[in-house]
Amino acid sequence: MQKPILEVNHLKKYFDVRGGVFGKKVGEVKAVDDVSFTVHEGEILGIVGESGCGKSTTGKTILRLIEPTEGEVKFEGENIAALSAEAMRKLRRDMQIIFQDPYASLNPRHTVEKIISEPLLIHGMGKKERKSRVKELLEVVGLSDYHASRYPHQFSGGQRQRIGIARALANNPKLIICDEPVSALDVSVQSQILNLMEGLRDQFNLTYVFIAHDLSVVKHISDRVGVMYLGRLVELTDKEKLYDDPKHPYTKALLSAVPVPDPDVEKERILLEGDVPSPSNPPTGCAFHTRCPVAMDICKTVRPTFEQAEVNHFVACHLYN
Ligand code: SF4
């Protein structure tokens, strides 16, 4: 087993809700509510869940693009939540992010060369080396040197995401948080970008935390998968175990909705009742109890702990702990 590169322990991110004439705090949104997991070097950990479940906030909080409310994030053994702004700036060479919407994340007034060379400039690389590094990076992501002088609007969605990937790779990072990197792309382009990212992982020994709402996309690329519901991690295990033998009732319901490309396989769809509750007023006990088809009395009052139900298979559910 490879060594852990990222350890997230009891991470919480609560946002204040303010109201009234004086903008007083009237509540809080528990976007990330006590999330713990470990990612090993060279691994791709998928994090999946419906929109609003807190998966993107988890990614941004890991990088301290959003400050955590509580908890610990260790990168190569060092607690980055305690680092100064200067130390964090240095560490950002090793930890990068790829955003969902490549168009919104690329400055439309800058050429591709300027966009990709920006992180190199921040870390003090000279002009000549920057130019040659941009050329190298464009080739690595399947673009050409002549694209360097163009602007983001001159590219397709897939090409723009390649530019975003090149920028993330500029300083040879070790860990990349991929925040819904293919959700805004056509299905035909999604697999090209996923294949590119898989190839880059092998080529540069990268580690990814791959955040997505699409279970098929996560299945394609991940080694292990974590499922989030209402700011909490409810299941985490190897990809094969999760897709072949899901344990948490929420994971079972999510997977039952994924179409199988085989007319002989009949799947019973588990329909969940009701909407996802508001994270500003989550249900007591198990946050899923208002929609769980097998909820018990204990589920309404006692929050299940996130425990190992089987070897390397963690579940937060009273049916298993
Ligand atoms: Fe359902 Fe109870 Fe398990 Fe929550 S703890 S998923 S409500 S059975």
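Let me begin with a term: a residue is called buried when its relative accessible area is under 20%, exposed when over 50%, and partly exposed in between, using a 1.4 Å probe and protein chains only. What you see is a predicted model, in which local features need pLDDT of at least 70 and side-chain atom pairs count only at pLDDT 80 or more, while totals for chains, interfaces and linings use all residues. Residues are numbered from 1 along each chain as its sequence is written, and side-chain values use heavy atoms, with hydrogens and water left out.

On that scale, cysteine 178 counts as buried at 0% relative accessibility, and cysteine 53 counts as buried at 4%. How many disulfides does a search of the whole structure find? It finds 0, where a disulfide is a pair of cysteine sulfur atoms within 2.5 Å. The cysteine 178 sulfur has its closest cysteine sulfur in cysteine 53, 16 Å away and therefore too far for a bond; for cysteine 53, the closest is in cysteine 286, at 14 Å, again too far.

Turning to aspartate 94, this residue sits in the loop between helix H2 (85–91) and strand E6 (95–98), helices (H or I, at least four residues) and strands (E, at least two) being DSSP runs numbered from the N terminus. Aspartate 94 is buried yet has no salt bridge, the nearest side chain of opposite charge being lysine 174, 4.2 Å away, whereas a salt bridge requires a side-chain nitrogen of Lys or Arg within 4 Å of a carboxyl oxygen of Asp or Glu. For charge, Lys and Arg count as positive and Asp and Glu as negative, with His and the chain ends not counted.
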